[in-house]
Amino acid sequence: MIYGERIRFRAIERADLPTSVSWINDPEVRQGGIYLPFSLADEEDWFEGMRKRPVDEHYLAIEASQPRERADLPGEQAGLPSEAGLPGVKPGELAMEGAEEHWKLIGSCGFFNLDSRNRSSEFGIMIGDKSCWNQGYGTEAVRLLVQHGFNTLNLNRIYLRVLENNPRAIRAYEKAGFTHEGRQRQAEFREGKYVDMLVMSMLKEEF
Amino acid sequence: MIYGERIRFRGVEREDLPTFVKWLNDPEVRQGILVHNPISQTDEENWFERMIKRPPDEHVFGIEAREQVEDGSPENWRLIGTFAFDYIDWRNRAAEFGIMIGDKTYWNRSYGTEAVRLLAQHGFNTLNLNRIFLHVFENNPRAIRAYEKAGFIHEGRERQAEFKDGKYIDVLRMSKLKDEF
């Protein structure tokens with residue numbers, strides 16, 4: 001796991017694929033990415049291909065920590081939380097138990113086109129759970145991925161491409177400290193017309 | 001064949017490979033291209049076998065220059081370089097290209113510019129592309145000048161994208177659209 005403040009990255013499991021497929025087929029989510037209907041079989045193919053790629057290019061699941069309902073705590077009555085804890089249980093242990101229940105899958109991200117000689121990599125990210133939009137989760141995920149890229153993978157340059165008509169994503173990249181460095185004119189055909197693709201990057205020395 | 005004023009494009013043959021190996025190992029030629037290892041004849045033969053299996057529109061073409069000949073004698077053409085469109089994106093009608101003038105006696109005589117103009121013509125008028133683009137190292141002024149003269153527009157600077165001779169250098173991206181052709 002790679003932990004941020006409100007989010008963490010974990011490896012993607014086969015059990016995640018149906019959720020990904022529902023996101024990828026959501027017209028609002030897909031605006032930024034895939035343009036064809038996408039089946040679970042397509043997603044399974046993608047998963048098998050992804051697993052054969054170098055480990056540093058494996059995609060990561062983004063999970064957000066969820067506020068824990070008091071009533072969910074095992075062995076606890078509704079009401080004030082037990083300060084003393086349960087007999088024989090050390091503080092903190094309860095939080096570890098069933099921790100999966102308190103993290104919610106909200107998206108995925110990962111590096112691709114990783115060029116090990118030039119220490120450069122492109123990345124992609126999707127916040128598929130729309131209830132998490134406009135709350136800074138994308139920005140936080142980008143920051144955490146960049147930290148992983150510079151501090152663990154020893155990259156020198158991290159870059160991305162984003163369609164000009166995706167202001168929410170562009171804003172997240174800007175807030176995470178990315179610099180605009182190019183505009184690939186008419187690089188994508190969407191909804192009957194060509195749109196520009198922006199390129200943004202961050203260098204190790206800017207991190 | 002695709003004919004320009006002083007040049008033409010033709011398919012690449014196996015017999016051309018020793019010439020390519022010579023160019024690709026020339027330190028001055030290598031300054032501007034994406035090759036950083038010594039290249040053997042075997043490497044080049046392997047490259048050729050992969051290349052001919054690619055879609056025909058992505059095959060590498062030889063660039064030939066018409067040589068000065070006596071009146072009445074047959075035309076003589078000399079192989080001076082290569083170019084290819086890489087990975088044509090048919091849905092978006094966009095393609096990147098790479099070009100090399102390997103014969104240094106043809107440098108600084110606008111053969112590169114003419115070849116870029118001819119390949120843009122081929123891309124827009126025959127392949128029906130909408131966007132043609134390229135990457136070039138920031139420290140390759142000869143190539144940048146040729147692309148500018150051929151009407152390509154600067155559209156980005158990929159900062160520190162290439163590690164070369166001990167330091168990171170920027171890679172420039174330039175493009176030309178069908179409505180600019």
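Ser121(A) stands opposite Ile158(A), a residue of E6(A). The chain passes from E5(A) through H5(A) to E6(A), and this β-α-β crossover is right-handed. Right-handed here means that, with the strands pointing away from the viewer, the path from the first strand over the helix to the second runs clockwise. The model is predicted: local features need pLDDT of at least 70, side-chain atom pairs count only at pLDDT 80 or more, and totals for chains, interfaces and linings use all residues. Residues are numbered from 1 along each chain as its sequence is written, while chains are lettered from A and ligands numbered from 1 in the order in which they are written.

**Chain A overall**

- Chain A has six helices and eight strands. Helices (H or I, at least four residues) and strands (E, at least two) are DSSP runs, numbered from the N terminus.
- The order from the N terminus is β-β-α-α-α-β-α-β-β-α-β-α-β-β.
- Chain A holds 207 residues, and 28% of them count as buried. Buried means 20 or more other C-beta atoms within 10 Å of a residue's own, exposed means 12 or fewer, and partly exposed lies in between; C-beta atoms are placed from the backbone.
- Among contacts in chain A with a separation of 6 or more, 62% come from residues 24 or more positions apart. A contact needs C-beta atoms, placed from the backbone, within 7 Å.

**Strands of chain A**

- E5(A) and E6(A) run parallel, joined by three bridges. Strands pair if DSSP finds at least two bridges between them.
- E6(A) is mostly covered, with five of its seven residues buried.
- E6(A) also pairs with E8(A), antiparallel, over seven bridges. Leu160(A) has Met200(A) in E8(A) as its bridge partner. Val162(A) has Leu198(A), also in E8(A).
- E7(A) and E8(A) are antiparallel over eight bridges. Gly182(A) is bridged to Val199(A) in E8(A).
- E7(A) and E8(A) form a hairpin with two residues between them. Glu191(A), in the turn, has a positive phi of about 50 degrees.
- In a regular strand, side chains alternate between the two faces of the sheet.

**Contact between chains A and B**

- The contact takes 19 residues from chain A and 19 residues from chain B.
- On the chain A side, the elements giving two or more residues are strands E6 (157-163), E7 (179-190) and E8 (193-203).
- E7(A) gives the most to that side, with nine residues.
- By class, the chain A side has six nonpolar, seven polar and six charged residues. Ala, Val, Leu, Ile, Met, Phe, Trp, Tyr, Cys and Pro count as nonpolar, Asp, Glu, Lys and Arg as charged, and the others, Gly among them, as polar.

**Helices and core**

- H5(A) has 15 residues, which should span 21 Å at 1.5 Å a residue; its end C-alpha atoms are 21 Å apart, which agrees. The expected span is 1.5 Å times one less than the number of residues.
- Buried residues of H5(A) include Tyr137(A), Ala141(A), Leu145(A) and His148(A).
- Gln147(A) sits in H5(A), residues 137-151. Gln147(A) counts as partly exposed because it has 13 C-beta neighbours inside 10 Å.
- Gln147(A) and Phe207(A) are 60 residues apart in sequence, yet 8.0 Å apart in space, C-alpha to C-alpha.
- H4(B), residues 111-126, has 16 residues and should span 22 Å; its end C-alpha atoms are 21 Å apart, which agrees.
- Buried residues of H4(B) include Tyr111(B), Ala115(B), Leu118(B) and His122(B).
- The largest nonpolar core has 78 residues, and Ala141(A) and Ala115(B) touch the most other members. Such a core is a set of buried Ala, Val, Leu, Ile, Met, Phe, Trp, Tyr and Cys residues joined through C-beta atoms within 7 Å.
- Ala115(B) touches Ile7(B), Ile63(B), Gly81(B), Phe83(B) and Ile99(B), not counting residues up to four places away in sequence.

**Positive phi in loops**

- Asn128(B) follows H4(B) and has a positive phi, near 65 degrees.
- Asn134(A) has a positive phi near 60 degrees. Asn134(A) lies in the loop between E5 (120-127) and H5 of chain A. With 12 C-beta neighbours inside 10 Å, Asn134(A) counts as exposed.
- Asp165(B) has a positive phi near 50 degrees. Asp165(B) is in the loop between E7 (153-164) and E8 (167-177) of chain B. With 8 C-beta neighbours inside 10 Å, Asp165(B) counts as exposed.

Key:
Two residues are in contact if their C-beta atoms, placed from the backbone, lie within 7 Å.
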